[in-house]
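Q: Some labels attached to a structure only make sense once a value is set against its cut-off. Please go through this one in that way.

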Amino acid sequence: MDRRIVLGLLMTLSGACAPGSAPVIEREVGMEVDEAAIIQEVSETLDALTDAMNSHDPEEIFSFYRQDESFFYLGCTDVLYGWETFASRVGPYYINNADVTFQREL
């Protein structure tokens, strides 16, 4: 599965910034879902994203996002439309804040 899709799935399952909400996987009738495999893939993708964020390399970080004109980012405090808007704000943050480190907790 494309890691951008996995990241989108994670954001959908996690309820974005809503604390305390448990992920729910909805199934269509007759659809087989391997929840353990999905959880493993999401976990691996989050590990890779966290490593990319700690590298402070915007290109590595941006490889987790779909970079097209329909790009839409809904953060905890910001809504950004268009890839260029997002990249122009987020890229410099990682470059200029090399002392910031990130950790993943699920």
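A: This is a predicted model. In helix α2, the buried residues are Ile38, Val42, Ser43, Thr45, Leu46, Leu49, Thr50, Ala52 and Met53. The helix covers residues 35-55, which is 21 residues.

Q: How do you know what span to expect for α2?
A: The expected span is 1.5 Å times one less than the number of residues. For α2 this gives 30 Å, and the helix reaches 30 Å from its first C-alpha to its last, close to that expected value.

Q: What comes after α2?
A: The residue that follows α2 is His56, which lies in the loop between α2 and α3.

Q: Why is His56 called buried?
A: Buried means under 20% relative accessible area. His56 has a relative accessible area of 13%, so His56 is buried.

Q: What makes the phi of His56 worth a remark?
A: Most residues other than glycine have a negative phi. His56 is not a glycine, yet its phi is positive, at about 60 degrees.

Q: What makes a set of residues a nonpolar core, and which residues have the most contacts inside the largest one?
A: The members must be buried residues of the nonpolar kinds, joined through side-chain atoms within 4.5 Å. The largest such core has 14 residues, and Ile61, Phe62, Tyr65, Trp83 and Phe86 have the most contacts inside it. Helices α2, α3 (58-62) and α4 (83-96) each supply at least two of its residues. The largest share, 5 residues, comes from α4.

Q: Which residues does Trp83 contact, leaving aside its neighbours within four places in sequence?
A: They are Phe62, Tyr65, Arg66, Gln67, Asp68 and Phe71.

Q: How do you know where confidence is lowest and highest?
A: The mean pLDDT is lowest in helix α1 (residues 3-14), at 54, and highest in α3, at 95. Over residues 12-22 the pLDDT is below 50, and this stretch has 9 contacts in the model beyond near neighbours in sequence. The chain averages 80, with 71% of the residues scoring at least 70.

How values were computed
Residues are numbered from 1 along each chain as its sequence is written. Side-chain values use heavy atoms; hydrogens and water are left out. Helices (H or I, at least four residues) and strands (E, at least two) are DSSP runs, numbered from the N terminus. Buried means under 20% relative accessible area, exposed over 50%, partly exposed in between (1.4 Å probe, protein chains only). Contact means heavy atoms within 4.5 Å. pLDDT is the predictor's confidence in each residue, from 0 to 100.
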